[in-house]
There are 2 protein chains.
Amino acid sequence: MAKIIDPYGAELPEDYAKVIKDFGLEEFKVDDFPEPNRLMRRGIVFAGRDLKIISKCIKEKKPFYVLSGIMPTNDKIHFGNKQVVENIRYFQDHGAKAYILVADLEAAAARGVSLEEGKRRALEFHIPAYLALGLDPKKTVFYFQSENKEVVHLAYGFAKKITLNEFRAIYGNADPGRIMSAVTQVGDILYPQLEERRPGIIPVGIDQDPHIRLTRDIVDRTKDKKFFRPSGLYHKYTPSLDGSLKMSKSKPESCIVLPEDVKSAQKKLKRALTGGRETVEIQKKMGGEPEKCMVFEMHKQHLIEDDKELQDIYKKCKSGTLLCGECKDIACSKMERFMQDFEKGIEKARKQVDKLNFVKFA
Amino acid sequence: MAKIIDPYGAELPEDYAKVIKDFGLEEFKVDDFPEPNRLMRRGIVFAGRDLKIISKCIKEKKPFYVLSGIMPTNDKIHFGNKQVVENIRYFQDHGAKAYILVADLEAAAARGVSLEEGKRRALEFHIPAYLALGLDPKKTVFYFQSENKEVVHLAYGFAKKITLNEFRAIYGNADPGRIMSAVTQVGDILYPQLEERRPGIIPVGIDQDPHIRLTRDIVDRTKDKKFFRPSGLYHKYTPSLDGSLKMSKSKPESCIVLPEDVKSAQKKLKRALTGGRETVEIQKKMGGEPEKCMVFEMHKQHLIEDDKELQDIYKKCKSGTLLCGECKDIACSKMERFMQDFEKGIEKARKQVDKLNFVKFA
């Protein structure tokens with residue numbers, strides 16, 4: 001299956017192509033995965049590590065797992081989390097058992113969040129939000145790091161397998177809290193293999209690759225237990241609405257968080273960098289440049305599920321028949337529906353939290 | 001109460017006096033502690049931190065605790081461990097609740113010892129050895145770090161309160177396993193205060209002071225929970241039989257481990273550095289120099305409980321009536337009894353291990 005719509009074409013923009021080269025990643029091949037999701041079809045999922053073993057598990061219906069963590073540092077998430085949940089759901093729909101952990105020990109060690117506060121946030125917001133974004137609870141095991149003795153035991157065992165200098169080379173920062181956080185994350189990533197040794201895939205934003213690399217190195221150095229090296233699946237950033245690489249809370253005017261007041265989100269969308277021309281006349285004549293447009297990027301990454309509909313907007317923009325104002329109105333209306341559905345979904349999911357499958361350790 | 005026998009006199013040798021000055025310790029004042037034990041009376045316990053609060057607890061019969069850890073890295077201990085147990089017993093006899101932890105997470109993180117192996121060693125050897133050396137099991141709570149969720153939670157919370165540079169300044173080495181080990185130790189030291197907030201004393205060899213300092217710094221920085229800063233009690237090293245500062249397995253010919261084959265231990269004692277003169281004639285005339293004698297040091301630190309008996313040997317040596325051969329024979333005979341009692345004690349204690357008070361966490 002080809003990427004039917006990708007304004008970037010078959011080629012990756014230079015930055016992401018460079019990432020693949022610099023870090024020795026594999027390019028994501030959409031044809032290797034049956035029924036690819038929107039992010040896969042549109043080149044937003046762009047790279048991975050050891051993807052073949054996962055596509056083989058899917059095709060041969062062999063057991064594998066998908067894992068992700070919730071960092072309960074505040075009561076908002078971002079579009080990157082949404083991408084992760086969508087990819088988890090994809091793998092759940094294709095045979096994976098999912099593990100969602102609350103990184104409460106990490107939040108304590110690296111950010112100073114108390115375990116009580118982390119637990120409260122996860123139960124009241126993060127887990128319901130993940131369910132609202134489409135996580136399948138019937139195929140998901142949840143746990144808190146602080147309640148998972150086996151993860152902690154793995155973390156302590158792995159600490160001996162990496163030096164401070166290696167750690168610094170991977171992460172830059174090597175503060176004690178960060179170190180404990182990182183080895184605990186390695187424990188998380190491999191923990192599902194204690195239950196059953198099998199491949200696993202970790203869908204993350206590309207900035208999280210260091211954890212995957214560290215885990216793979218530690219697997220190679222661990223002789224007493226045999227683990228599969230985890231596979232990684234990397235999605236591009238949702239760009240900042242001002243056109244810079246990554247949407248970030250450090251630039252609140254160009255960042256929409258989840259959930260966000262609809263009016264506020266719409267206001268930001270209306271101020272977004274577009275691919276519009278200097279004047280309406282020129283745009284009608286030459287067409288817009290969706291490749292450079294952050295509104296189109298929101299359509300593509302998050303707001304429009306149907307490929308046909310997205311293609312339509314792309315064509316109309318290029319031909320000069322859809323102008324920026326109207327296109328922004330479409331985005332605003334879709335954003336409104338999304339935020340409303342999301343908040344309703346959270347409310348509904350809150351009532352299900354008690355019934356979820358939490359790991360407890362005696 | 002005065003130190004009735006201390007060949008070093010009232011003054012500390014230069015090295016230990018320097019330690020007190022350099023690290024801002026308090027000199028141990030034997031008069032502050034009722035019924036001081038042999039190590040206290042003889043100046044082997046020589047320094048501490050915040051000792052007054054502990055002597056006050058003893059005198060006013062207020063609750064306090066004493067804590068020490070077992071590092072299950074192999075199946076031998078050393079005379080330093082014996083000193084620690086003797087000091088724990090002193091505090092148990094004077095109102096303290098004792099906590100003995102098996103540092104199995106630390107052994108994993110810093111030394112690569114598996115939890116299973118650590119547990120086996122602790123149950124088969126270390127805990128029975130501590131009981132054989134006089135630990136009072138009725139006043140002791142035991143736990144494995146790996147089974148103590150609260151200690152682990154404290155450790156992760158404390159990681160945020162120290163920087164890598166501070167860590168390096170305290171420890172020199174800042175490998176990931178060492179860092180995790182150190183913050184876990186801080187968790188251990190403060191854990192008894194979760195049960196009841198009260199002062200605690202940690203008896204250690206002087207080389208372990210960094211842990212006490214780190215813990216005290218972390219207490220000062222911890223605002224959400226109120227802890228007492230732990231008090232420290234420091235004993236001198238048992239010197240190497242060749243006269244150097246510390247008995248160490250790196251010089252096996254001058255180091256007696258516990259337990260050790262009696263013949264082997266006696267052979268080492270016979271080769272020990274003494275305070276004997278060049279010839280028997282000179283020694284008979286001038287007397288020996290027990291201040292420089294490692295055999296006398298073993299008598300003083302470990303082999304002779306009775307002060308009168310030790311004083312007698314000291315006087316006879318100084319007057320030239322007790323020569324080195326005979327004195328070594330006395331030491332060898334006492335060493336034989338000690339090792340036999342120790343091994344018998346271990347065997348007996350093994351049968352009690354099931355009945356000990358182990359903390360388990362659900």
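This passage describes the overall dimensions of chain A, then a sheet and a helix pair in chain B. The model is predicted, with local features requiring pLDDT of at least 70 and side-chain atom pairs pLDDT 80 or more, while totals for chains, interfaces and linings use all residues. Residues are numbered from 1 along each chain as its sequence is written, and chains are lettered from A in the order in which they are written.

Chain A has 362 residues and a radius of gyration of 21 Å, which agrees with the value near 21 Å for a compact globule of that length. This radius is taken over C-alpha atoms, and the globule rule is 2.2 Å times the number of residues to the power 0.38. The C-alpha atoms fill a box of roughly 70 × 40 × 40 Å along the principal axes. Buried residues (20 or more other C-beta atoms within 10 Å of their own, C-beta atoms being placed from the backbone) make up 49% of chain A.

In chain B, seven strands form an open sheet of mixed pairing, in the order β1-β2-β7-β6-β3-β4-β5. Strands are DSSP runs of E of at least two residues, and helices are runs of H or I of at least four. Pairing requires at least two DSSP bridges. Strands β1 (26-27) and β5 (140-144) of chain B each have a single partner, so one side of each lacks a neighbour in the sheet. Strands β3 (65-70) and β6 (200-205) of chain B pair in the parallel sense over two bridges. Y65(B) stands opposite G200(B).

Helices α14 (294-303) and α16 (324-350) of chain B pack at about 35 degrees, with axes 10 Å apart. Axes are lines fitted to C-alpha atoms over the stretch in contact, and angles run from 0 to 180 degrees between N-to-C directions. Contact means C-beta atoms, placed from the backbone, within 7 Å. Residues in this contact include M298(B) of α14(B) and F338(B) of α16(B).

Conventions: Contact = placed C-beta atoms within 7 Å. Buried ≥ 20, exposed ≤ 12 C-beta atoms within 10 Å, placed from the backbone.
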